[in-house]
Amino acid sequence: PLIAKEFAYIVKKLNEKKINTEIATNGYLISEDTIRLFKENNIQTLQISLEGPDAKTNDFIRGEGTYNIVVKSIKALRNAGINVILANTLNHYNCMLSDKMVKLAEKLNVSALRFEIYIPVRYDKYNLNLTTEDLAYIQQKFDMYSRKKNIILPSYHDGNNCGAGKYMAMINSDMTISPCDLLCDEIKSSQQISQESSIKKIWQDDVVLEEWRKHEYK
């Protein structure tokens, strides 16, 4: 979100309207100016993605050099009194390092560590799909982590394990609504948010979202 030219304007408007706001970012563009913007506009928490407890693991997924930049950003935010939630998406390449991620989160003094599960949406070019053995390992670890208050684990709300278009949605830049961020290129509401068509109206009545909710997806 920090590359958007309207970013500062949006943050200020949200603060003016007293809307509680958290920002999810890769942490790559955190600077003294952005930290000042956050402090001045009551942004108290940032979620920052880190895909491994070391540069080799993280940079394989996020790009060379990102680990050191992101860790530096996290330390700067914490020194400024801004809470950080560390987000780690578990895949075949990094899932066996979850214990080391827990230790890194403690070392960086973040508010929480959020684990997510890698969801493939296209071909598996980099061999990231979780195997049956990976999932068994993750389940065992999650049983252990569930006792820790500062570790956030994925929530499973229903049988098909997907809340897209049911209890979550994405507002796109063209003011349409998609069931989730993984689908915003493929599935969009037929209506755009406007004075005539509110978010609530589109969420409840749009034919595209209605059709999505009819199907059972595994």
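## A nonpolar surface patch

A nonpolar patch is made of residues that have over 30% relative accessible area and no salt bridge, with nonpolar side chains joined within 5 Å. In this predicted model, Ile3, Tyr28, Leu29 and Ile69 form such a patch on the surface, and together they have about 400 Å² of accessible area.

Let's look at one member. Tyr28 sits in the loop between E1 and helix H2 (32–40). Its relative accessibility is 40%, so Tyr28 counts as partly exposed.

## The second largest pocket

The second largest pocket has a volume of about 210 Å³. Its lining residues include Pro1, Phe7, Ile10, Leu14 and Ile23. By type, the lining divides into eight nonpolar residues, one polar and two charged.

Helix H1 (7–16) and strand E1 (22–25) each supply at least two of the lining residues. The largest share, four residues, comes from H1.

## Salt bridges

There are seven salt bridges in the structure. One of them joins the side chains of Lys5 and Glu6 at 3.2 Å, N to O. Within helix H1, Glu16 and Lys13 lie three residues apart, about one turn of the helix, and their side chains meet in a salt bridge of 3.4 Å, N to O.

Asp174 and Lys188 also pair up, at 3.0 Å, N to O. This pair links distant parts of the chain: Asp174 is in the loop between strand E6 (170–171) and strand E7 (177–178), and Lys188 is in the loop between E7 and helix H7 (199–205), 14 residues apart. Asp174 is partly exposed at 28% relative accessibility, and Lys188 is partly exposed at 36%.

Note on methods
Residues numbered from 1 in each chain as written. Predicted model: local features only at pLDDT ≥ 70, side-chain atom pairs only at ≥ 80, totals over all residues. Heavy atoms only, no water. 1 Å grid on protein atoms, 1.4 Å probe; cavity = no way out; pocket = protein on both sides within 12 Å on 5 of 7 lines; lining within 4 Å. Points joined across faces, edges and corners; volume = space filled by probe spheres on them. Nonpolar A, V, L, I, M, F, W, Y, C, P; charged D, E, K, R; others polar. Patch = residues over 30% accessible without salt bridge, like charges linked within 9 Å, V, L, I, M, F, W, Y side chains within 5 Å. Areas by Shrake-Rupley, 256 points an atom, 1.4 Å probe, with all protein chains shown as cover. Salt bridge = Lys/Arg side-chain N within 4 Å of Asp/Glu carboxyl O. Buried < 20%, exposed > 50% of the residue type's maximum accessible area, 1.4 Å probe, protein only.
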